[in-house]
Amino acid sequence: VGKYQPLNIGYIASYLMQQGYSKVHLIDGDDYKIYTKNHIIDYLKKYKIEVVGISMLSFSVISGIRLAKAIRNELNCMIVAGGIHCGLYPKEIMEHNCFDVLVVGEGERRFFELVKSYEKYGKTPYFYSKLGEIDGIFFKDQKGDLQKTEYAGITKDIDAFPYPARE
């Protein structure tokens with residue numbers, strides 16, 4: 001993680017750890033002095049990462065999509081898009097066909113639900129049929145049609161989330 005770690009991925013990681021997931025890896029892909037696409041893909045392969053989350057701000061959406069496409073070409077993992085730009089332009093991002101799921105709004109609980117479902121079902125047709133039960137996401141069903149679930153809003157009790165992970 002770079003000098004100024006994005007807090008959003010730190011909050012998602014700490015929430016996953018609070019839910020019992022001990023193997024959570026953080027990479028600040030915007031720190032290009034250290035991480036290239038190839039470095040990130042090698043890292044994902046080395047640690048056999050099965051679920052990848054890519055957070056995108058508006059200025060980093062192009063590099064996020066390029067990274068997702070490179071990962072898609074090399075690995076058969078679930079790739080999840082998130083971040084403020086995803087909430088603004090979810091359909092346009094999903095048109096790039098490199099993300100399995102796009103999260104709108106707070107990602108902590110939604111990403112946890114995705115990981116839990118993926119862990120249980122893998123990338124099977126049943127997994128995709130269960131995605132409709134997770135609020136605030138976009139995904140393509142088995143036919144390739146874009147699906148959207150209802151957005152339940154934000155968490156009013158911010159103390160429900162642990163402090164962000166920093167490692």
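Residues are numbered from 1 along each chain as its sequence is written, and side-chain values use heavy atoms, with hydrogens and water left out. Because the model is predicted, local features need pLDDT of at least 70 and side-chain atom pairs count only at pLDDT 80 or more, whereas totals for chains, interfaces and linings use all residues.

Strand β2 comprises residues 78-82 and is mostly covered, with five of its five residues buried. Here helices (H or I, at least four residues) and strands (E, at least two) are DSSP runs, numbered from the N terminus; buried means under 20% relative accessible area, exposed over 50%, and partly exposed in between (1.4 Å probe, protein chains only). Both faces of β2 are covered: Met78, Val80 and Gly82 are buried on one side, and Ile79 and Ala81 are buried on the other.

Strand β1 (residues 51-55) pairs with β2 in the parallel sense over five bridges, where pairing requires that DSSP find at least two bridges between two strands. Within this pair, valine 51 stands opposite methionine 78 of β2. The chain passes from β1 through helix α3 (residues 61-74) to β2, forming a right-handed β-α-β crossover; right-handed means that, with the strands pointing away from the viewer, the path from the first strand over the helix to the second runs clockwise. Strand β3 (residues 101-103) also pairs with β2 in the parallel sense, over two bridges. Valine 101 in β3 is the bridge partner of valine 80.

Aspartate 100 is located in the loop between α5 (90-94) and β3. This residue counts as buried because its relative accessibility is 8%. Its side chain makes a polar contact of 2.9 Å with the side chain of arginine 72 and another of 3.5 Å with that of lysine 123. A polar contact is a pair of N or O atoms within 3.5 Å; within protein, one must be able to donate a hydrogen and the other to accept it, and residues adjacent in sequence count only if both atoms are side-chain atoms. Beyond four places in sequence, the contacts of aspartate 100 (heavy atoms within 4.5 Å) include Met78, Ile79, Tyr128 and Phe139.

Glycine 132 occupies the loop between α7 (125-130) and β4 (137-140). With a relative accessibility of 47%, glycine 132 counts as partly exposed. Setting aside residues up to four places away in sequence, glycine 132 touches Phe139 and Thr149. Its C-alpha atom is separated by 9.0 Å from that of glutamate 150, 18 residues apart along the chain.
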